[in-house]
Amino acid sequence: MKEIIFVGRSNVGKSTLIRVLTGKKVPVGKLPGVTRKPLRIPYQNIQITDMPGFGYMSKVTRKGQEAIKDNIVHYIEDNASNILLGVMVVNTTSFAEIVDRWTQRNEIPVEVELFEFFNELDIDVIVAANKMDKVKDQDIVLDGIAQRLGMSPPWRQWLDKIVPVSAKKGNLGELKELIQKKMEETHGSF
Ligand SMILES: Nc1nc2c(ncn2[C@@H]2O[C@H](COP(=O)(O)OP(=O)(O)OP(=O)(O)O)[C@@H](O)[C@H]2O)c(=O)[nH]1
Ligand SMILES: [Mg+2]
């Protein structure tokens, strides 16, 4: 079955977003590390996959975190032919700071790596810029996200790639329409 996969750092709101989108009672929580293995949720004639988050999690060692990231990469690799779309969820309030911290250490930030990985595998990817309810200078912050993912600002040039949302407020912005469009585009080919 074709699938749309939601990935992102832990606690960014992947599961909450899927809850709003599908209306299904997907487990969510305040602490990072709620979703521990890929959870498949039926949605129309496809499945939505809620992935565990990568990065910091209470009670998980650095090595454990690394293993979770590797599992995500392998999952995408193994299922690439079935994946219609990747939705990379980011916490808009902390994205720039985290990416810059990694870059200063000469490490490739996981979100940048994953974004490029989807592109390499020719899988369409949308960045859901979540927690917009907490963001003040929205255009400036969204420009910063675009730029760090290799898309030159202004972010509004990338309306089919970057979608501001607030899962907590039930605001999916254009995400639902973009997903619908993607599903219709591929209709008939599966
Ligand atoms: N302010 C705000 N909080 C949000 C938003 N979306 C989710 N949250 C909160 O963020 C926390 C984490 O939400 P989850 O949906 O469990 O996050 P997740 O990305 O699935 O986390 P893991 O499963 O641990 O990887 C919860 O306390 C949510 O209420 C949002 O749009 N705005
Ligand atoms: Mg989750």
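Buried residues, meaning those with 20 or more other C-beta atoms within 10 Å of their own, with C-beta atoms placed from the backbone, make up 37% of the 190 residues in the chain. This is a predicted model, in which local features need pLDDT of at least 70 and side-chain atom pairs count only at pLDDT 80 or more, whereas totals for chains, interfaces and linings use all residues. Residues are numbered from 1 along each chain as its sequence is written, while chains are lettered from A and ligands numbered from 1 in the order in which they are written.

**Fold**
- The chain holds six helices and six strands, which are DSSP runs (H or I, at least four residues, for helices; E, at least two, for strands) numbered from the N terminus.
- Along the sequence these elements follow the pattern β-α-β-β-α-β-α-α-β-α-β-α.

**Helix 6**
- L175, L178 and I179 are the buried residues of helix 6 (residues 175–185).
- They lie on the same side of helix 6, because they cover an arc of only 100° around the axis, the arc being that of the directions from the helix axis to the C-beta atoms.
- On the other side of helix 6, E177, Q180 and E184 are exposed, that is, with 12 or fewer such C-beta atoms within 10 Å.

**Ligand 1**
- Ligand 1 is surrounded by 24 residues, each with its C-beta atom, placed from the backbone, within 6 Å of the ligand, and the closest are G13, S15, T35, G53 and K168.
- Helix 1 (residues 14–22) supplies the largest share of this shell, three residues.
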